[in-house]
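Visitor: Could you take me through this model, strand by strand and core by core?

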Amino acid sequence: MSEYTGSPEYAQGLMRDRRNRFSLVWIIPIIALIITVGMIWKTYINAGTRIYLVIENGDGVIEGKTPLMYKGIKIGAVEDVHIKQDDVSKLELTIVVNKASTQSVTREGNKFWKVEPKISLTEISGLKTIVNGVYIAVMPAAISKDALIALPFKDHFIALDSAPLDIFNPGLSVVVNTLNRGDIAIGAPVLYNKQAIGVVEDKKLSADKNSVDLYLRIKTEYMDLIHCKSVFFKSSALDIKASLSGVKVHMGSLASFIAGGIVIKNTNESLTSTLASDKQRFSLYDDEESTYLAADEIMLTMTQTYNLTPEISKVYCKGVEAGVVSSLKYNPDTDKTQIKLKLLKEFRNLANETSYFWIVKPSLGFNKVEGLDTIVRGNYIKFETKNNDAKKQSTFVLNENKPPREGLHLKIISEDIQNLKEDAGVFYRNIMIGVVNKFWLNKDKKSFTIDLVVEPKYKRLLNTSSLFYLHSGVEFKADFSKVHLKAGSLETILRGGISVITPNFKLDSKLKKSYVLYKSYNEVVRAQYLAENGVHLTLSAKTMGSLKEGSSVFFKQIKVGEILSFKWDAQNNTILFDVFIVEEYANEVQENTIFYNSSGMSAKIGLNGLSIDMESVESLIAGGIAFYTPATKEKKRVRNKTRFKLYDTKDEAMENFIDLVLIGEDSAGLEVGSLLKYKNVSLGQVENISLIKDRVRIDLKIDAQYKHLINKGTAFWLEGFKLSLSGVKNASSALKGSFIVLKPGNLKETSDVYFLMSKPPMPHLNEKGLRVIVEAKRWGGLKAETPVYYRQIKIGSVIQHRLNSNATKVDIEIFIEPCYSHLIRDNSYFYNTSGIGMEVSIFGAKVQTESIESILSGGIGVLTPDDYAKASQNGKSFVLHEDFDEKALQWAPKLHSSNAMCE
């Protein structure tokens, strides 16, 4: 090949072009280099910090996967897991912490622990890790971020065995000391009103090694429940104490059965004390009953144990449980037994220098029986004190016999003592106020004198009106009205007893020299009937029937009196009964009271089946009288010897009344005796007002002559005093109260229950007439009862108003009286007559108004043109003109009514 022979200038230019040309091949390596450098730089910038955590075991921890979490947010991950070099029993985790969290995590005092599923009797936690795996959690050492960053740097930590105290919700820590309840497990619940408010965090032996300190952690939201005087006691699932003296069983929850539990209780005294401070110490009671006991114990000494059992045998004062036997200890040196008692706090002051303690045990003899209640209770201890304010004392002698009797002695005269024995109780309203001391046969050989001893403090329950009667263990009475069985205690069955009632405490406290002992309570009741003031009435009847002396008088099926005597009135050919009504019910007899013979029973057969009416079983067999008084607001008691007619039957007496029930939302001022009215005429009155769920039931008694006004279409509503711009309405009800108004319906069917409306129904309800609609641009102040005029004559009124279907106008429903309905034609002209219209011109002013009434309350006018159309039907719509067309005054159509009622 020949060499290139071109010019030198050309060759030099060609070489320059080859040197300056850049090849595209280098673009891709350069871009890759830039990306690599960027990634290296980003990795360096975002690289986290490594920390090292020593942990007991690595179950569930996975390199490169197990996260470091704070409050549910991942802030790092475990990079490596290896055995700790200087302690092969532990593992060391290398954790890479995100750079954003490095400053907060690498601080001295931060706490780390492994979160894994934990299920025990006292705790269920970490269930989420069953699916997501275990993780490492961290708790900061300070709340403030600035305070946390200010702590020294640290990158080596030791993991805790369990979650530490939440620094954001530390709660309240208290210490509870117990001698014999170290069986409560860590994690056991702390309860308040059965609500868990904390847990047992730890337990340790106390400093003296004789008791156990339980460390409780109370949640922050419940810290205000813990006061300095709050009471702590053990809650157990099953606590049984049993002996021949009794059985004590306490049931709790299953969790407390296994792990134990502590209950916190606040008394009134606790709530007034200051709130507990952190680490405050409390004592733990064995059970809730122990919290009611006084702190100090009482020591009794005796020669025997009498089968008393610690924590079972009880202590009583005045018949009320006052404490429990806490321990028994026999002393061989003195040959005596020491008994320790714990009394309830309210009884502790009663154990004083004047107190007397004795043992109660069963005792059987020919003349007396004692302590039979110990068959159920077991032997127990009683005590009494003469002076409640005496100095407290802690050591006593336990006596074998009860204290000698002291008190007020009363003499009771009786013809028969039945099974009454010495030491039998004397009772007032089932409270024992004394005992039968002794009794003897009088010189007449027919009666007994009984000596009663009554405790001085009960003297105030007795006066000259007191009545005593035999109170045996079982009192049985069967009569025509009921079977009465009253059983006393086993002790009174064997020894009998005496009860006393005092009907009149207004009398002075003087006592009689002696009292009569009635055989039973029923004799006392009869004696009271005759002794009370009451009221004596005279009833006249045509026949005697089964009535006799002693026949009962009933009011609402309650015996309120009886027939004292009867005689024949020859002049009037009637029988006159002398009837006595006890004082308590004397005011129920009014001048309008109706008496009827309630002997036997009456039966009616109708469409609803068989109806039987009977006052009582007693009146069915032995005869009786009942009475009914219509309700009135003002009761005026009748005088003695007032005469009434005695009807032969209840139906005859009550045939002048009908009963009705109204159901309303509110009684709204109604009361028994409130009136039912129609056109201001009283038709009846309210007999009773009661609640049925959230409604009010009103029972009415109505005069039967007005029953034609009531049917299913009848409306009932409340009326009362009203004061408005249009005047005063129902002024009398301001003093007499609200009343009920009815408007008759036009249906044939009747009902016994109606709804009571709180306001009157729409005007002209159930009335015949024409109902049409007038359409107005606005309401204009028209309201119900606004009059409608035809040539200034009222022919109807507004019923109600409402927006039309598309809310562009107001539909006003009006009612036209039947006599004037023929005036309304399909082309009638309606206009608004409300207020005063004035027209001013150079000739003066002209005032226009339909009537004075329309100025005050508004109104609607209507005129019909001479070329009137056909008569309007119900529901026809018209336009209500705001401006009156004076040409309409020239209209004078001759319209005649076809309604015979208008002639």
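Guide: Strands here are DSSP runs of E of at least two residues and helices are runs of H or I of at least four, numbered from the N terminus. This is a predicted model, in which local features need pLDDT of at least 70 and side-chain atom pairs count only at pLDDT 80 or more, while totals for chains, interfaces and linings use all residues. Residues are numbered from 1 along each chain as its sequence is written, and side-chain values use heavy atoms, with hydrogens and water left out.

Visitor: In S26, which residue is the bridge partner of Val 315?

Guide: Strands are said to pair if DSSP finds at least two bridges between them. S20 pairs with S21 (residues 320-331) in the antiparallel sense over four bridges, and Tyr 316 there stands opposite Glu 321. S20 also pairs in the parallel sense, over two bridges, with S26 (residues 380-385), where the partner of Val 315 is Ile 381.

Visitor: Which residue takes a positive phi in the hairpin of S20 and S21?

Guide: The hairpin has two residues between its strands. The one with a positive phi, near 60°, is Lys 318.

Visitor: Is Ile 312 buried or exposed?

Guide: Ile 312 is found in the loop between strand S19 (298-302) and strand S20. Its C-alpha atom is separated by 9.0 Å from that of Gly 378, which is 66 residues apart from it along the chain. With a relative accessible area of 11%, Ile 312 is buried.

Visitor: In S8, which residue is the bridge partner of Trp 113?

Guide: Strand S8 (residues 135-139) is mostly covered, with four of its five residues buried. It pairs in the parallel sense with S2 (residues 67-70) over two bridges, Leu 68 standing opposite Ile 136. Five bridges join S8 to S5 (residues 111-115), which runs antiparallel to it, and in S8 the partner of Trp 113 is Ala 137.

Visitor: Why does the pair of Phe 595 and Phe 627 tie together parts that are apart in sequence, and how many residues apart are they?

Guide: Rings of Phe, Tyr and Trp (its six-membered ring) pair if their centres lie within 6.5 Å, planes under 30 degrees apart counting as stacked, over 60 as edge-to-face and the rest as tilted, and by this rule the count comes to 19 aromatic pairs. Phe 595 and Phe 627 form a tilted pair, 5.2 Å centre to centre with 40° between the planes. Phe 595 lies in strand S41 (residues 594-597) and Phe 627 in strand S44 (residues 624-628), so the pair ties together parts whose separation in sequence is 32 residues.

Methods
Buried < 20%, exposed > 50% of the residue type's maximum accessible area, 1.4 Å probe, protein only.
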